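Thanks for asking for a second pair of eyes on this one. Here are my notes, as numbered points, to read with the model open beside you.

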Amino acid sequence: MDPSLDTWDFSPLISLWIHRFYIYWGFAFGISLWICFQIVIRKQLGKDSNLMDFVQSSILKDKTSQEKSLSKATRDLVTNGYISLQEKEVFVSGVKIFYGSQTGTAKGFATILAEAVTCLGLPVAIINLKEYDPDDHLVEEVTSKSVCAFLVATYTDGRPTESAEWFCKWLEEASIDFRFGQTYLKGMRYAVFGLGNSAYASHFNKIGKNVDKWLWMLGAHRVMTRGEGDCNVVKSKHGSIEGDFRAWKTKFISRLRALSKGEKKSCGGNCKKGRCKSSQHGSEEMEPGSPAQDGLHQRDTEEEEPFASTSEEDSSTEDHQSLSSVVDVEDLGKIMNHVKKEKREKEQQEEKTSLFRNTVKNEASERRAMITPALREALTKQGYQLIGSHSGVKLCRWTKSMLRGRGGCYKHTFYGIESHRCMETTPSLACANKCVFCWRHHTNPVGTEWRWKMDQPEMILKEAIENHQSMIKQFKGVPGVKEERFEEGMTVKHCALSLVGEPIMYPEINRFLKLLHECKISSFLVTNAQFPVEIKNLKPVTQLYVSVDASTKDSLKKIDRPLFKDFWQRFLDSLKALAAKVIALSVIWLQHLQQRTVYRLTLVKAWNVDELQAYAELVSLGSPDFIEVKGVTYCGESSASSLTMANVPWHEEVVRFVHELVDLIPNYEIACEHEHSNCLLIAHKKFKIDREWWTWINYNRFQELIQEYEDSGGSKTFSAEDYMAKTPHWALFGASERGFDPKDTRYQRKNKSKDISGC
């Protein structure tokens, strides 16, 4: 036997083994005692909780709904017998504002929105969608606790702007890609404000709607209804796109403030597929895809998929219903009162909706005025004297210049108009184009047909003359104004129907022209070649203009941005109708009834100056008497146009273009020039008699001819050659005066300075 074993004593282990059953019993008793203790504690807490509920229910009868939520929050902190102190939770970590802009409007709105968000004490970031990669960063918004605002504009043909093109393409593809799924952006919160123009009804705010739809399809949560800004001041809800944005911004800031406090959108519990019937929200909280809202907007928009409301809007109601599946008898009265209240509110909402629909019908039956309060304010600031509900008059700067003896406009040089006796007006402020070089910056309304209430032509002409004379009177006694010209200016002799808009849209344009001629006022009418039927039905005018701003379909669409879908065919038909004005035959007398017709070409450098052959073909189509070629006038920066000074051609470039064009049209030559207006006149050779140009107009003879035409009921006709007059030498192309009238003080000063420099 090994002696080392004697040193080990195993008696304690042997004793534990013998008494092991007592040890087991001790452990079992301890565990049982602990379980019993926990049961007693739980029961006691339950009694305390019920007591707390009873006390709180007594207090809450006299408290507001806000105090109820606070008491409930306090009670919910009771856990395992103690109240835990929780750290303040952050509900909104910041705001990210994404914008897609072509002309800078959306970018400007993003800056304004950022300033408003900053006032809430929230971090804010402005992000250009052109510099944003959604493939790498968009999913980060799911967990960032930030709110994303998208300000996106709809550009030509319903396409996104260049800066937002890639983002929209990626978002669209992701929304239909099964690999992303309907929960890819679940947790992301967003709001959308679209910028568009309702005049383009088929794709009004299409990009805003699509971005809203695609984000929703990827599982993102819309925190508020989509906003829709409208550049069309006539149909804009708030008078302008700026007003629409301000209204949406106010709602967004209010919603953001609520989200920052952890408040969830209240809901009546009847949400289904994005159509919340809760009367608490009213019309302002309708989902963008609901038929109700589309009806209220009354816009011809494309069909959208129904937008389902997200879990945040519905979860509170669903949880409430599940927790209240077992109801105490004491609470039945409250529930019934709540049901009755909802029923009353629902009936009131239906009554309001019915009233609103009736109002819309009444407004539709009674045509509204073209000039809205916002439009009136904008045009008045620009110096317009507005007449009635759709007309206006304004004093031309050349009228002011000629009153001082400083020279007239290019019409004075080309046709002998006395600029100080010319009234610039329009019976229709509305237009069917949104030209990039519009010198009114698109403050006027747009439309493809007359849908406004109409003023009588007698009233329009009377007030136009009175307003014009009133503006002339303001120059009495002004230094430099010549007394004889001031007296002459009080009598209107010419009317340029080219102020703004499309005068030929006015349904009573022929009556208006007849009134002008009865007052011995000549008529110069300009149309944008989109109303061929109206051109065909137009009665004789002193001179009829058609704006030919481009010679191809693509360039016309880019420059004029017409509202009509068939704009190119209308353009060609208008030129054909113009040709008919020159060669039309009177069935009774078998004589030519000819009017002086003019093509007006506006050259925009890098846009339409390289289309010479196409221009020549259009000349052969319309056979105009004259072709005015003028360099575009830059009217300053505008959010509605990307035009800059780089697009304005030099006078030498205009002259070169005219020379090249004349080489392609054999029956025409260069006749006159007005250097100051950067304008040249190409005339048909029939106005060149014995090597002398006769482009001027004998206005007295025209008035005699038009009177004979009216007296004969339209049977006695006349031609353009019957009232032409000889063009003075100083107005001819190549003359040393370069279009300046030698009688004008401006030319005299210029000529004198040359003589002095020559000495």
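1. Of the 759 residues of the protein, 48% count as buried. Please keep in mind that this is a predicted model. The protein exposes about 39800 Å², and carbon and sulfur atoms supply 54% of that area. Among contacts with a separation of 6 or more, 75% are between residues 24 or more positions apart.

2. To find your way around, start from the secondary structure, which comes to 24 helices and 22 strands.

3. Strand 9 pairs with strand 10 (residues 391–394) in the antiparallel sense, over three bridges. One place to check this by eye is L386, whose bridge partner in strand 10 is G392. As background, strands of a sheet pair through backbone hydrogen bonds, either parallel or antiparallel.

4. Which helices lie across strands of this sheet?

5. Helix 6 (residues 165–175) is worth a look down its axis. Its buried residues are F167, C168, W170, L171, A174 and S175. What do the buried residues of helix 6 pack against? Their partners are helix 5 (134–137), strand 5 (146–153) and helix 7 (206–217).

6. Two backbone angles deserve a second glance. Most residues other than glycine have a negative phi. D157, however, has a phi near 60°, a positive value in a residue other than glycine. D157 is found in the loop between strand 5 and helix 6, and is partly exposed, with a relative accessible area of 38%.

7. A529 also has a positive phi, near 60°. Is A529 buried or exposed? Its relative accessibility is 0%, so A529 counts as buried. A529 lies in the loop between strand 13 (522–527) and helix 18 (532–537).

8. Finally, the cysteines. How many disulfides does the structure hold? The number is zero. Take C409 as an example: the closest cysteine sulfur, in C396, is 6.2 Å from its own sulfur, too far for a bond. The cut-off for a disulfide is a pair of cysteine sulfur atoms within 2.5 Å. C409 counts as buried, at 11% relative accessibility, whereas C119 is exposed, with a relative accessible area of 69%.

Definitions and conventions:
Residues numbered from 1 in each chain as written. Predicted model: local features only at pLDDT ≥ 70, side-chain atom pairs only at ≥ 80, totals over all residues. Heavy atoms only, no water. Pairing = 2+ DSSP bridges. Helix = DSSP H or I, 4+ residues; strand = E, 2+ residues; numbered from the N terminus. Buried < 20%, exposed > 50% of the residue type's maximum accessible area, 1.4 Å probe, protein only. Contact = heavy atoms within 4.5 Å. Areas by Shrake-Rupley, 256 points an atom, 1.4 Å probe, with all protein chains shown as cover.
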